[in-house]
Structure formats: C-alpha cells, structure tokens
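Dear colleague,

I am handing over the structure we spoke about, and I would be grateful if you could look through it alongside the notes that follow.

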Amino acid sequence: MSQNNGSGKRSEKGLLTPDNCVVALIDHQPQMLFGASNFDRQGIINNTVALSKAARVFDVPVVLTTVETKTFSGNLWPQVRAIFLDQEPIERSTMNSWDDRNFVAAIERTGRKKIVLAGLWTETCVALPTVQAIHDGYEVYVVEDCCGDVSQLSHDNAMKRVIQAGAKPVTALSTLLEWQRDWAQRDTYDAVMDIVKTHFGAYGIGVEYAYTMVHGAPATKFPEYVIPSLAGAHN
C-alpha cells in the first residue's frame, strides 16, 4: 500500500510489515469457543475482530478456514464474517490445517513466508499447522490472545511447543502497532486509532481522553445504536 509523508517503506529486519506476511484465522467458530476456558471468551472475540480489522486496514492477505461447520462447529463468527463479506472460509475435515491442500495452497498463493496465525484450539488447530509450517520453511507468529483452549495447561503447553519449534508469540495489539510502526504514516493512522478506541480498553479510552481533554478535539462519534426490529419475535 502507499506510504505517505515521504517516510518510505517500513523497515523489515526481522519485523512484520504489511507487505511480508499473511494472516491465517483458523476455526473461530461457536462450538470451538464453547470449549475455551483459558481466556475470557468475549476477550478472544474482541481481539480476533481487532486483528481482522487491522488486516483490512493494512491490506494484508487473510486466509479464513473452518472445520466441520455443518456437523459440529457452526459457522464462522458473524463478527469476523462481517469484516470479510466477500471471502468464503476454506472448509476442512482435518484438525490440522496444514493437512488440507486448499489451505496450504491459499497460503502459498500469497507468496509470503511469514504467517500471522490464530485459532481455536491452541493445542491442536494452532500448534499442529504451526509446527508443520515452520518445518516447511515458513516463519509463524502466533497471536496468542486470539487463541483459546480447553484449559490453561493445554494452552500453555501448546505455546511452549510452538515457541520451541521456532514460532514467535504476539498479540492483536502488538501486531497492529508493528504494522503501523510510525505515527507519521497518516494513510492508516485514523483507522488504527479507530481500532484502538473500539477494542483496546484503557489504551483506547486514554487516546479519547487525550484527544478531547488535552487537545480539544470533538468526541468520537460512533454509529448510533439502532435497536433491532422485534418483528417476528416470540411472545
């Protein structure tokens, strides 16, 4: 994407840039979230939506994949689907996405060797493709706060395993800021601030406070809340 203000292309030197990675979101589906107990479930949704929005802002290619949608796991979360309306998830039967040729082919088509990966559950749907992607020459960044598992032990063991294999643990916020890198990048600045204020708690509220109380900016205007129609609701 274009870089404004003459600041040029973001330096790499081992870091993520919008130009050198692909995002893989694996099995963010209702039944998979039901079983997650290591993190707050709403937090996992929030962070995954934030990462998804960030990928759109920075025009990073995204591979969506789901497992056994009709028979067990349910549809991709609507909050994520809303961000990628024109993109169909790759449906699998395999627990390990790297065993699915369509998933691997989608990664390969991007031509990128760094994978920013998140999914449910960490010990299977994240750890297995991570280990094998690294074996096949990819560099994997596991977005830990967009992952979940059936217990804290399961999640922690999975993270130890992928780190030992060479993966780098990151978060949704750290990925967003690594892509932005320079506040002089004005083409993405407003969108990044919108994600921060919407999804990142104290940081977002601090930004709003600084804008309005210190710099005298008008308060952020979020879309008006419209109550969904009650037509057809059960009595």
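Two strands are taken as paired if DSSP finds at least two bridges between them. Please keep in mind throughout that this is a predicted model. With that definition, strand 1 (residues 21-26) and strand 2 (residues 62-67) run parallel and are joined by 4 bridges; I26, for example, has T65 as its bridge partner in strand 2.

These two strands belong to an open sheet of 6 strands, which has the order 3-2-1-4-5-6 and parallel pairing. Strand 3 (90-92) and strand 6 (168-170) are the edge strands, each of them pairing on one side only, and from one strand to the next the twist averages 25°. Packed on this sheet is helix 6 (residues 122-135), which touches strand 1, strand 4 (114-119) and strand 5 (139-143), and whose direction makes about 165° with that of strand 4.

The other arrangement I would point out concerns two helices. The axes of helix 2 (residues 41-57) and helix 9 (residues 186-199) come within 10 Å and cross at roughly 175°. Because angles over 145 degrees count as roughly antiparallel, helix 2 is roughly antiparallel to helix 9. On the side of helix 2 the contact is made by N46, V49, A50, K53, A54 and V57, which meet T188, A191, I195, T198 and H199 in helix 9. Sorted by class, this contact between helix 2 and helix 9 comprises 6 nonpolar, 4 polar and 1 charged residues.

Definitions and conventions:
Residues are numbered from 1 along each chain as its sequence is written. This is a predicted model: local features need pLDDT of at least 70, side-chain atom pairs count only at pLDDT 80 or more; totals for chains, interfaces and linings use all residues. Side-chain values use heavy atoms; hydrogens and water are left out. Axes are lines fitted to C-alpha atoms, for helices over the stretch in contact, and angles run from 0 to 180 degrees between N-to-C directions. Contact means heavy atoms within 4.5 Å. Angles under 35 degrees count as roughly parallel, over 145 as roughly antiparallel, 65 to 115 as roughly perpendicular and the rest as oblique. Ala, Val, Leu, Ile, Met, Phe, Trp, Tyr, Cys and Pro count as nonpolar, Asp, Glu, Lys and Arg as charged, and the others, Gly among them, as polar.
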